[in-house]
Amino acid sequence: MTFHTTYPQCTCTHSHTVTSHAPTVTFHTPPPPPPTHTHTHSDFSWSPRDYNLAYWVPEHGQIPAKIIVLEMPSRNELSTKSRHLVSEFKLHWHKQGDFLAVRVDHFLNKSRKQLCYSLDIFHMTEPLIPVDTIEIKEPVVAFALEPQGSKLAVIHGEPPLRIHTTFYQINKGGKPTQIKTLEILENTAVNNIFWSPSGQFVVLANLKGPESGHLEFWDTGSMTLMNSSQHQQASDLEWDPSGRYVVTSVSVWKQKMDTGFCMWSFQGRSLYRSPPSLDKFCQHQWRPRPPTLLAEEHLKLIKKDQKKYSHMFEQRDRTSKSKASKELLEKRKKMMSQYKEYRRKAEQEARKTKKMLIEDGVDVGEEGQAELDYEEETLYILVNETKETVNNNE
């Protein structure tokens, strides 16, 4: 990869003789510096935070393929890693620029018939930029680094049947460290990873093929599946900038029927569905979240005192719940008093009836029930009548 950035120097020469000619101006342009690499690069990616540029160069004869990280504009090589028998590299930066993840597809031997797969993790914020390597035996379908965190999600396997999802914890240290495996989800019907902008929560989705629309909402803090749902034929998924809501959509660019969108909470609870077959729906985008007006020191202080604020909000929630509970208790208390009043009147009426029966000489028994004399009568009812003619000669 060759960079040519030239800043010309200017030398001005003015004549001391007063003449009618204009002053002479001479420009001297220095020769360009030597190129950083003599071969053409295949792909590059800028760091989202620092003036660092990552790119990779394919093999050339006996020269192996290389991953190079440059510091700009000085073009100093911060880190370099060489690989032999490489088929392809795939670069992916951490959102805050703390890590650079590189998917490496390389051949097992010189016959170049069998591919192997691995991930190289560059620790960009540590001295000498150590590199961790994860060897994966199966093809890597998708991988993504956690924003605001240090987790790595990898979908690997042979689609469409044997697809697994593995979560890793990237440990920080002054030298390459053993990456910890957090969880392995076997036989997951997904092919895309969507991290929340605030980290921790992730949506694993199937957005390709005839069975697209499967969604899994995961909390990687406790590694629990919060919800699993469906949005048939979904083609796109987008988190809102706050990390509280998710929108899945079916674009007319993918298919002509059943277009529209659905809105979900970060826990996977369905909040809204657009009318069926929203005509010519193309795309959904969130309004960019404006930057906070608080200084970095205030943000750190809020995070430090988060427990105090959470306790205050919990107290408000309890007050609100107790208010609702108080109204419910008052309603139940009123219903109970009405029932007691009805029962008191019914008992009073029963006592009066008993007293009248006793005065009339009726034996009411031990339980207060009147023992009355009954006469049994039998009642016959004509149900059917049949007439027959009898022959006297017989």
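User: Why does aspartate 120 count as buried?

Analyst: This is a predicted model. In it, aspartate 120 has 0% relative accessibility. Buried means under 20%, so aspartate 120 is called buried.

User: Where is aspartate 120 found, and which residues does aspartate 120 touch?

Analyst: Aspartate 120 is found in strand β9, residues 115-123. Leaving out residues up to four places away in sequence, its contacts include Ile67, Leu100, Val131 and Thr133. Lys81 and Arg83 are also among them.

User: What makes the pairing of aspartate 120 and arginine 83 a polar contact?

Analyst: Their side chains are joined at 3.0 Å. The cut-off for a pair of N or O atoms is within 3.5 Å, so the pair is a polar contact.

User: Why is alanine 189 called partly exposed?

Analyst: The relative accessible area of alanine 189 is 43%. Buried is under 20% and exposed is over 50%. The value for alanine 189 falls in between, so the residue is partly exposed. Alanine 189 is found in the loop between β14 (180-185) and β15 (192-195).

User: How far apart are alanine 189 and histidine 214 in sequence and in space?

Analyst: They are 25 residues apart in sequence and 7.4 Å apart in space, C-alpha to C-alpha. Alanine 189 touches His214, and also Asn206.

User: Why does isoleucine 302 count as partly exposed?

Analyst: Isoleucine 302, in helix α1 (residues 296-304), has 38% relative accessibility. That lies between the 20% and 50% limits, so partly exposed is the term.

User: What makes up the nonpolar surface patch, and which helix gives the most to it?

Analyst: Leu294, Ile302, Tyr309, Met312 and Phe313 make this patch of about 420 Å². Helix α2 (residues 306-359) gives the most, with three residues.

Methods:
Residues numbered from 1 in each chain as written. Predicted model: local features only at pLDDT ≥ 70, side-chain atom pairs only at ≥ 80, totals over all residues. Heavy atoms only, no water. Helix = DSSP H or I, 4+ residues; strand = E, 2+ residues; numbered from the N terminus. Buried < 20%, exposed > 50% of the residue type's maximum accessible area, 1.4 Å probe, protein only. Polar contact = N/O pair within 3.5 Å; in protein donor to acceptor, adjacent residues only side chain to side chain. Contact = heavy atoms within 4.5 Å. Patch = residues over 30% accessible without salt bridge, like charges linked within 9 Å, V, L, I, M, F, W, Y side chains within 5 Å. Areas by Shrake-Rupley, 256 points an atom, 1.4 Å probe, with all protein chains shown as cover. Salt bridge = Lys/Arg side-chain N within 4 Å of Asp/Glu carboxyl O.
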